[in-house]
Amino acid sequence: MTLLGVVPFFLFAILFLFFPVAFLVVGSFQDSVTGAPTIQNYLDLSEPNIVLAYTSSIEISLVTAVAGGIFGFMLAYAVILGGLPRFIRPLVMTFSGVASNFAGIPLALAFTFTLGLQGLVTRLLLTGLGIDLYSKGVGFSIYTKLGIEIVYMYFQFPLMILIIAPAIDGLKREWREAAENLGGSSRQYWQHIALPILLPTLLGTTILLFGNAFGAQATAYQLTAGLVPLVTNLITAQISGDVFHNVNLGYALAMGMVVIMAISIVGYSFLQRRSERWLR
Amino acid sequence: MSNVGIGNRALEVIPALEGSARDARRRPRFGANRVLSWIVFIIGVLYFLVPLYATLEFSLRTKVPFAAYNNVLFKDANFASSLLYSAAIGVVTIVVSLLIIVPTAYWVRLRLPRLRPYVEFVTLLPFVIPPLILVFGLLRAYSTGPLPLTGSELGLNVLIVAAYVVLSFPYMYRSVDSGLQAIDIRSLTEAAQSMGAGWPRILLTVIFPNIRVALLSGSFLTLAIVIGEYTIASFLVRPAFGPYLALLGRDKAFEPAAVSIISFGLTWIAMGVIALLGRGSRTRVQVAGAR
């Protein structure tokens, strides 16, 4: 009887989460013609264009996670402990909340108006400094992998700020004083106390940022019209029309993405639990 | 100062150490740091504001001032209808999500604490299953079989609400659960029961009002996710705001800039309301999932 109270929740989850995903899982182990069980679809993931898509997706996620993580940490540190005026902190936190949620189509559009062919910064650089970003020599384009990375940074580093700020706050003043009283320098304090305590949070959040970028579809799709080889773009093409001429290969492709997301979330929650030991 | 009874040796050492610590504090340790802090801060501000400014500037470059805004707000019927559609879907999503999550979180806290890890696991799954994969599965699973939902308008609307409810699980469950933690649900339930209230009445007239702040912050976050969502809406071919904006971005010049600015304003309002609601409570910052 008591179990009845949670039935609607699990029923809903089964209908609209487990069943659809199970459909993909089962399909990924089936032959597209005969329906016989096979692992061929997973072996086919080694096709060059699929490997390329996975490598660029992973590369973009990795670069923006690490760069966004480092810059976000530096900005959070600057705002909290860097001696900036006090009123800046709530400002940065609010902006970070908005920026980390401002993504998808409008974000992609905003960057085409900034660094696109007719973008404001592109025009300013051309008229002001005579630098043509889109010339052969510079070879820049916002509609490329580098462009996607620049755009993703917009929601990556604010997310790091939001998560790391409470952790920096959690560093107890007594620890610093204890280190100073024992004659430790500022560098030693960071090297032996603060960084080791913050490290699980820093690593964990970087992993979270990785998943954040890896699962993103709309932003990159809008920016590059789906032309840059990314896992999400391949899956998008596969849903719209069977581009591999093998429906079940599409399922395997989707499962590969889920596996990578799962690994990153497990890594994140493991490190999160570690960091809670010191910071509460 | 340091004349606490801890032995002569300590008495000798402590003043010396205190002196050096005081020196360390007097030293302008932040001198170089502060310059670096300002540099990092300014880069961050530029990164944040330049794209917004560029978009704003572009939206105002029409011959007639504010023509782009005028066009989308008053001449483009699709702007209003798509925004309205997304808002309506958002409201339905919130209602369904609340009706599922509140009783579940309540029941787990009251009677089934041993199920908590399983419920938490399920509510966190949307972080592992990106919207793209979810909609892929939904499309394939419900195109044939006993529930061919993709075949009709109503079915597609059911699917989009269902998908958004799933996306809302992590945020809704966490805010509802922390709301429940703050009140004494056991006593409230017993008091209501002793006065003869049944379960629906307890939930609707006792529990819901007591956690309304938590419900509101979860709801606004859900609304913020749903309003601009693109991936799921476009694959389910819904006339929603996200796909409208994507199409506009391909077809028009200045209007997309205007709508981007409006959409940024909407994000700002939603986040402002959430921050306002979360004031004083210890809820962690939360992040929406429509990338």
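**Entry 1: Glu59(A) and Lys145(A).** I began with Glu59(A), which forms a salt bridge with Lys145(A), the closest N and O atoms being 3.1 Å apart (a side-chain nitrogen of Lys or Arg within 4 Å of a carboxyl oxygen of Asp or Glu). The pair links distant parts of the chain, helix α3 (residues 48-81) and helix α7 (residues 145-169) of chain A, 86 residues apart (helices are DSSP runs of H or I, at least four residues, numbered from the N terminus). I found Glu59(A) partly exposed at 35% relative accessibility and Lys145(A) partly exposed at 28% (buried is under 20%, exposed over 50%, partly exposed in between; 1.4 Å probe, protein chains only).

A note on the source: this is a predicted model, where local features need pLDDT of at least 70, side-chain atom pairs count only at pLDDT 80 or more, and totals for chains, interfaces and linings use all residues. Residues are numbered from 1 along each chain as its sequence is written, chains are lettered from A and ligands numbered from 1 in the order written, and side-chain values use heavy atoms, without hydrogens and water.

**Entry 2: chain B.** Next I looked up Glu153(B) and Arg238(B), whose side chains meet in a salt bridge at 3.1 Å, N to O. Glu153(B) is exposed at 53%, whereas Arg238(B) is buried at 5%.

**Entry 3: between the chains.** I then turned to the interface, where the rule finds 1 salt bridge. Arg123(A) pairs there with Glu57(B), with the closest N and O atoms 3.4 Å apart. The contact takes 87 residues from chain A and 83 residues from chain B (heavy atoms within 4.5 Å).

Conventions:
Helix = DSSP H or I, 4+ residues; strand = E, 2+ residues; numbered from the N terminus.
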